[in-house]
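Me: I would like to learn how to read a protein model. Could we go through one feature by feature?

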Amino acid sequence: MSPPLLELRDATMRFGGVTALGDVSLSLAAGEILGVIGPNGAGKTTLFNVITGAYRLTSGAVLFEGRPIQGLPPHRIARLGLARTFQNIRLFPSMTVAEHLHVAQPSGFAASLLPGGGDAGRARVAAALERFGLGPCRDRLATTLPYGVQRRVEIARAWIAQPRLLLLDEPVAGMNPEEAAALAGLIRSLRADGMAVLLIEHDMPFVMGLCDRLQVLDFGTLIASGPPERVRQDPRVLDAYLGTAA
Ligand SMILES: Nc1ncnc2c1ncn2[C@@H]1O[C@H](COP(=O)(O)OP(=O)(O)OP(=O)(O)O)[C@@H](O)[C@H]1O
């Protein structure tokens, strides 16, 4: 049997006296949408940072397709087939939407922007613009666009690297309900292509409607996991949220 696409085994991340993640174990299969939820400070972003190599685990293991990746630098992990977006949008003020997509391709800037080269790259940029509804703003400076569109640019930029696992940190933050519904449809289409998605999100209707499974973190510990309908009724989850919702 093939190993899970992503697996964490007893992953622990400490910052001085703070245990941001304590013995977290989880796995994700190819083509699955897994949501990570939890109150502020629960360890969600830390989880992304240990998976992508921004942080080095204090103990435990992260495996991608069965291969340990903890300790590898972020660019090597990315090359294995992981791409992410960030909670705070990170776009370049001097670059257009299309330029963000050109430079994010595995083959790099030169392949698709230089005259006479990179037809395949240019086709992929065109496909990304079409798929993510960015065609009309392809030549606009990305940071001048509405917030919800900037989020889509970020996701398209991650997608164009053709990852097998896409990590999305609060993808619908700042989006209105229509934009969020459209993004949910897009993410489902990525799953249909076989791409796995791991997402952090505070928007409960979005998460509940989209994810195949949820993992709930509270104070760095997994307190529940399973299908959304089951997790939403779990007394520990209700406690964690009601305790911080005031
Ligand atoms: N680089 C760091 N140095 C020290 N402490 C950190 C660092 N990164 C995270 N922490 C701590 O780890 C804990 C988990 O933080 P994290 O940002 O992962 O939570 P989160 O669930 O993503 O929160 P939010 O929903 O507010 O984004 C917090 O107590 C935070 O202060």
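Reply: What follows is a set of questions and answers on this structure, which is a predicted model.

Me: Start with the whole chain. How many helices and strands are there in the protein chain?

Reply: The protein chain has ten helices and ten strands. Its C-alpha trace spans about 60 × 40 × 40 Å along the principal axes.

Me: What radius of gyration would a compact globule with 246 residues have, and what does the protein chain have?

Reply: The idea is to compare the chain with a simple rule. For 246 residues, a compact globule would have a radius of gyration near 18 Å, and the protein chain has 18 Å, so the two agree. Buried residues make up 38% of the 246 residues.

Me: What share of the contacts in the protein chain with a separation of 6 or more comes from residues 24 or more positions apart?

Reply: Such pairs account for 62% of those contacts. Arg 230 belongs to helix α9, residues 228–231. With 13 other C-beta atoms within 10 Å, Arg 230 is partly exposed.

Me: Now a single helix. What should helix α7 span, and how far apart are its end C-alpha atoms?

Reply: Helix α7 covers residues 177–192, which is 16 residues; at 1.5 Å a residue it should span 22 Å. Its end C-alpha atoms are 23 Å apart, which agrees.

Me: Which residues of α7 are buried, and where do they fall around the axis?

Reply: The general idea is first. An α-helix has 3.6 residues a turn, so residues three or four places apart point the same way. In α7, the buried residues are Ala 180, Leu 183 and Ile 187. Seen down the axis of α7, the buried residues fall within an arc of 60°, so they line one face of the helix.

Me: Which residues of α7 are exposed on the other side?

Reply: Glu 178, Gly 185, Ser 189 and Ala 192 are exposed there. As for the buried residues of α7, their cover includes β3 (33–37), β8 (196–200) and α8 (204–210).

Me: What comes just after α7?

Reply: Gly 194 does, with a positive phi of about 100°.

Me: Which residue has a positive phi although it is not a glycine?

Reply: Glu 65 has one, of about 50°. Glu 65 sits in the loop between β4 (59–64) and β5 (67–68). It has 16 other C-beta atoms within 10 Å and is partly exposed. Gln 162, also a residue other than glycine, has a positive phi near 55°. The loop holding Gln 162 lies between α6 (147–160) and β7 (165–169). Gln 162 counts as partly exposed, with 13 C-beta neighbours inside 10 Å.

Me: Last, the ligand. Which residues are around the ligand?

Reply: To read a ligand site, list its neighbours, then sort them by element and by class. The residues around the ligand are Phe 15, Val 18, Ala 20, Gly 38, Asn 40, Gly 41, Ala 42, Gly 43, Lys 44, Thr 45 and Thr 46. The elements giving two or more residues to this shell are β2 (18–28) and α1 (44–51). The most comes from α1, with three residues.

Methods:
Residues numbered from 1 in each chain as written. Predicted model: local features only at pLDDT ≥ 70, side-chain atom pairs only at ≥ 80, totals over all residues. Near = placed C-beta within 6 Å. Helix = DSSP H or I, 4+ residues; strand = E, 2+ residues; numbered from the N terminus. Expected span 1.5 Å × (residues − 1). Buried ≥ 20, exposed ≤ 12 C-beta atoms within 10 Å, placed from the backbone. Arc of directions from axis to C-beta. Contact = placed C-beta atoms within 7 Å. Rg over C-alpha atoms; globule rule 2.2 N^0.38 Å.
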